[in-house]
Amino acid sequence: MNDSSPPLPWHVIRQDDNGNRYRVGRYATRAEAEKVVAGLEDRGHKQLYWVEHLERRTV
């Protein structure tokens, strides 16, 4: 990601049956991320989904 791209600090995380965690996507707002989680849960996906906020680090 370069400095001109918009920050996407809201991440949707999925945990499978074995406890492995994966980032499903990155979003600009919490509302966007929560909408994705709701859509996945509404479709009957059995994995656990949640939203995390991760701050962008500067070096």
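Predicted model: local features only at pLDDT ≥ 70, side-chain atom pairs only at ≥ 80, totals over all residues.

Q: OK. How many helices and strands does the chain have?

A: The chain has one helix and three strands. From the N terminus on, the order is β-β-α-β. Helices (H or I, at least four residues) and strands (E, at least two) are DSSP runs, numbered from the N terminus.

Q: How many bridges join S1 to S2, and S1 to S3?

A: S1 and S2 run antiparallel and are joined by six bridges. S1 and S3 also run antiparallel, with six bridges between them. Two strands pair if DSSP finds at least two bridges between them.

Q: Which residues are bridge partners there?

A: His11 has Arg26 as its bridge partner in S2, and Gln15 has Leu48 as its partner in S3.

Q: And what sits between S1 and S2?

A: The hairpin of S1 and S2 has five residues between the strands, and Gly19 takes a positive phi near 85° there. Asp16 is also in the loop between S1 and S2.

Q: Is Asp16 buried or exposed?

A: Asp16 is buried, where buried means under 20% relative accessible area, exposed over 50%, and partly exposed in between (1.4 Å probe, protein chains only). Asp16 has no salt bridge, and the nearest side chain of opposite charge, Arg14, is 4.9 Å away. For charge, Lys and Arg count as positive and Asp and Glu as negative; His and the chain ends are not counted.

Q: So what does Asp16 have around it?

A: A polar atom of the Asp16 side chain lies 2.9 Å from the backbone nitrogen of Asn20. Not counting residues up to four places away in sequence, Asp16 touches Tyr22 and Gln47; contact here means heavy atoms within 4.5 Å.

Q: How many salt bridges does the structure hold?

A: One. A salt bridge is a side-chain nitrogen of Lys or Arg within 4 Å of a carboxyl oxygen of Asp or Glu. The side chains of Glu34 and Arg30 form it, at 2.6 Å from N to O.

Q: Why can those two pair up?

A: Side chains of opposite charge can pair when their charged atoms come close. Glu34 and Arg30 are four residues apart in helix H1 (residues 30-42), so about one helical turn separates them. Glu34 is partly exposed at a relative accessible area of 38%, and Arg30 is partly exposed at 41%.

Q: Changing topic: which residues make up the largest nonpolar core?

A: Eight residues: Trp10, Val12, Tyr27, Ala33, Val37, Leu40, Tyr49 and Val51. A nonpolar core is a set of buried Ala, Val, Leu, Ile, Met, Phe, Trp, Tyr and Cys residues joined through side-chain atoms within 4.5 Å. Strand S1 (10-15), H1 and strand S3 (48-53) each supply at least two residues of this core. H1 gives the largest share, three residues.

Q: Where is Val37, and what is it in contact with?

A: Val37 is found in helix H1 and counts as buried at 8% relative accessibility. Leaving aside neighbours within four places in sequence, Val37 is in contact with Val12, Tyr49, Trp50 and Val51. Val37 and Tyr49 are twelve residues apart along the chain, and their C-alpha atoms are separated by 6.1 Å.

Q: Back to S1. Is His11 buried or exposed?

A: His11, which lies in strand S1, is buried, with a relative accessible area of 8%. A polar atom of the His11 side chain lies 3.3 Å from the backbone oxygen of Leu8.

Q: And Ile13, which strand is its place in?

A: Ile13 is in strand S1, and counts as buried at 8% relative accessibility. Beyond neighbours within four places in sequence, the contacts of Ile13 include Val24, Leu48 and Tyr49.

Q: Last one: how much of the chain counts as buried?

A: Of the 59 residues of the chain, 24% count as buried.

How values were computed. Residues numbered from 1 in each chain as written. Heavy atoms only, no water. Polar contact = N/O pair within 3.5 Å; in protein donor to acceptor, adjacent residues only side chain to side chain.
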